[in-house]
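Please walk me through this model, from its core to its strands and its aromatic residues. A plain account in running paragraphs will do.

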Amino acid sequence: MRETGDNMNLTEANVGESCIVKDIATDDEELKAFLFRLGCYSGEAIKSGYTVAIKDGRYNIDSNIAEAIQI
C-alpha cells in the first residue's frame, strides 16, 4: 500500500493501486458527507481508479470527486 509524501489526488495514482486517504480537499460539505458515509475519510485505504473500493463496497466516481480525494 502506497503512502505518498507529496500532495497527490486520486487521479494521479496508478489504476488498481491501494493508497491511504489523507484528506478530502473540497469546500463542498455535501460531497464530504457523502464520501464519509461511504467510509472514505482520512486514514482509510482506497484502491484507485474511477471505480474505487472503499471498505467492503465498490463505487463509480467521476473525475471531480477523484480530484478531491487527497492520497
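A residue is called buried when its relative accessible area is under 20%, exposed when that value is over 50%, and partly exposed in between. I65 has a relative accessibility of 16%, so I65 counts as buried. The model is a predicted one, and its mean pLDDT over the chain is 87, with 92% of the residues reaching 70 or more.

I65 is a residue of helix α2. Which residues does I65 contact, once its neighbours within four places in sequence are left aside? They are L31 and L35. L31 is 34 residues away from I65 in sequence, yet the two C-alpha atoms are 7.9 Å apart in space. L35, for its part, touches I24, C40, I65 and I69, again without counting residues up to four places away in sequence.

These contacts lead to the interior. In soluble globular proteins, nonpolar side chains tend to be buried together. Here the largest nonpolar core has 19 residues, and the members that touch the most other members are L10, L35, C40, I46, I69 and I71. At least two residues of this core come from each of α1 (29-38), β4 (51-54) and α2 (63-68).

Helix α1 also holds A33.

Strand β4 can be read face by face. In a regular strand the side chains alternate between the two faces of the sheet. In β4, V52 and I54 make up the covered face, while T51 and A53 make up the uncovered one. The partner of β4 is strand β5 (residues 57-60); the two run antiparallel and are joined by four bridges. A53 stands opposite R58 of β5, and I54 has G57 of β5 as its bridge partner.

The two strands form a hairpin, with two residues between them. K55 lies in this loop between β4 and β5. Is K55 buried or exposed? Its relative accessibility is 51%, so K55 counts as exposed.

E17 is placed in the segment before β1 (18-20). E17 counts as buried because its relative accessibility is 14%. The side chain of E17 reaches the backbone nitrogen of N14 at a distance of 2.9 Å.

Q70 belongs to strand β6 (residues 69-70). The relative accessible area of Q70 is 16%, and Q70 is therefore buried as well. A polar atom of the Q70 side chain lies 3.3 Å from the backbone oxygen of E67. Setting aside residues up to four places away in sequence, Q70 touches N7, M8, N9, I20, V21, K22, D23 and A25.

The aromatic residues remain. A pair of aromatic rings is described by the distance of the centres and the angle of the planes. Rings count as a pair if their centres lie within 6.5 Å, and by this rule there is one aromatic pair. It is formed by F36 and Y41, whose ring centres are 5.1 Å apart. Why is the pair of F36 and Y41 called tilted? Planes under 30 degrees apart would count as stacked and planes over 60 as edge-to-face, with the rest counted as tilted. The planes of F36 and Y41 stand at 40 degrees, so this pair is tilted. As for accessibility, F36 has a relative accessible area of 53% and is therefore exposed, whereas Y41, at 28%, is partly exposed.

Note on methods. Residues are numbered from 1 along each chain as its sequence is written. This is a predicted model: local features need pLDDT of at least 70, side-chain atom pairs count only at pLDDT 80 or more; totals for chains, interfaces and linings use all residues. Side-chain values use heavy atoms; hydrogens and water are left out. Buried means under 20% relative accessible area, exposed over 50%, partly exposed in between (1.4 Å probe, protein chains only). A polar contact is a pair of N or O atoms within 3.5 Å; within protein, one must be able to donate a hydrogen and the other to accept it, and residues adjacent in sequence count only if both atoms are side-chain atoms. A nonpolar core is a set of buried Ala, Val, Leu, Ile, Met, Phe, Trp, Tyr and Cys residues joined through side-chain atoms within 4.5 Å. Contact means heavy atoms within 4.5 Å. Rings of Phe, Tyr and Trp (its six-membered ring) pair if their centres lie within 6.5 Å; planes under 30 degrees apart count as stacked, over 60 as edge-to-face and the rest as tilted. Two strands pair if DSSP finds at least two bridges between them. pLDDT is the predictor's confidence in each residue, from 0 to 100.
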